[in-house]
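Colleague: Could you walk me through reading a few features of this model? I would like the general idea each time, then the case at hand.

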Amino acid sequence: MDDAPDPRLAPLRHDGHLLPGHGPLLRAAPGAPTRARKALARLWAQGVLVRLGAGLYVPLAHWCALAPWDRYTLACAGYALLHPAARFTGTTAAHLHGLPLAQTPPEIRLRSPAPGHRARRPLAASAFSDLADARGRRLPAPPAVRWTWNGVQAPADDGGELRRRRLASGGPEGEAPPPGPLPPVTVEAALSDGTLLGPVTVDALPTVQLALGSGPVFREAVVPLDGLRRRLPGPSAAWAERHADRLPTRAARERFERAWGFSDPRAESAGESLSRALIHELGFAAPHLQRTVFGRDGRAIGRTDFWWEEVDVVGEFDGIGKYDVDLHASAAERRQAITREKEREVALRRVCRDVARWTWADLREPAGLEAELVRAGVPRRR
């Protein structure tokens, strides 16, 4: 994307007065004259820019054109630019690590510096000027910022070094102190199109795994844990085995064991993962995942998201991407995608008893998913 879509920003960019290397984020560069900062403030007052923090802006047209998850990434990168010591945690850290989520979080989660510190505030006091608000459009507001402390941190893996030192010194093995908390890591925030936004500090993935898995909402934990299993099957399993006892309460450990034990790398998208969790919560029998279905001529029709063998019902989550005109080079390509999908469904219905289909709308309102599975005859768990 163009990080200076408005021609009024061109002189500032040309004169080197804007901080480079942060995509569409606009901030006066160190040493820039005061008039550069005043020019950005005037453009905000004119409704051209959105304010994400003190002296930090993004073009309004650019902000509105971004997908919700990219706006969230941009807000996080903006906060990190203004507050380099900030440490992102929980679902925010998962998002910045590139793990899938059930939904774009409404808040930016920061790790509190101390157990007693909890707070919430807007990202910016006035994101939109009066002139921007007066245009009558519904403008997507930046997320709020929340500091949280859950005490969940995976321990650093010393590879047995402390134990070896204790044994070498002749001391008892049990006196070796436990390893301290795993330090945070730095990742590069980026938009979906690959635009780099700058470095951000986040909890390490083992800590993210513990925090998400022990959270109170099962369905929200399953989605990123499925993604973690897909990306790092071996390391994530080792982390779960070594670190689960680090959780502070028995209830947290039980929640983690339930969510991690349910996670499955075969779910190939956030929609499929959320579908799996809701199918379980609604009491339906567990389906087989990613089964290849063959036609009567022996040729493969394709892999199905879900299949209930006992009733021969296929389940398909439809993310609607194949119907989105923005994802296709032309209307003809879009029509071809729709035709292929319809032909695939006809072929599935010829060899399976029924095909149940649902969309994101049914996942947001699970009653729709439940009605579709009941209609197709999917059994409940015994």
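Modeller: Gladly! The model is predicted, with local features needing pLDDT of at least 70 and side-chain atom pairs 80 or more, while totals for chains, interfaces and linings use all residues. Residues are numbered from 1 along each chain as its sequence is written, and side-chain values use heavy atoms, leaving out hydrogens and water.

Colleague: How do I read the span of helix H12 (residues 270–281)?

Modeller: Helices are DSSP runs of H or I, at least four residues, numbered from the N terminus, as are strands (E, at least two). The expected span is 1.5 Å times one less than the number of residues. For the twelve residues of H12 that gives 16 Å, and the end C-alpha atoms are 16 Å apart, which agrees.

Colleague: Is H12 largely enclosed or open?

Modeller: Buried means under 20% relative accessible area, exposed over 50%, partly exposed in between (1.4 Å probe, protein chains only). Ten of the twelve residues of H12 are buried, so the helix is largely enclosed by the rest of the structure. Among them are Glu-272 and Arg-276. Just after H12, Gly-283 takes a positive phi of about 90°.

Colleague: Where does Glu-316 lie?

Modeller: Glu-316 sits in strand S12 (residues 313–317) and is buried, at 5% relative accessible area. Its side chain reaches the backbone nitrogen of Asp-305 at 2.9 Å.

Terms used:
A polar contact is a pair of N or O atoms within 3.5 Å; within protein, one must be able to donate a hydrogen and the other to accept it, and residues adjacent in sequence count only if both atoms are side-chain atoms.
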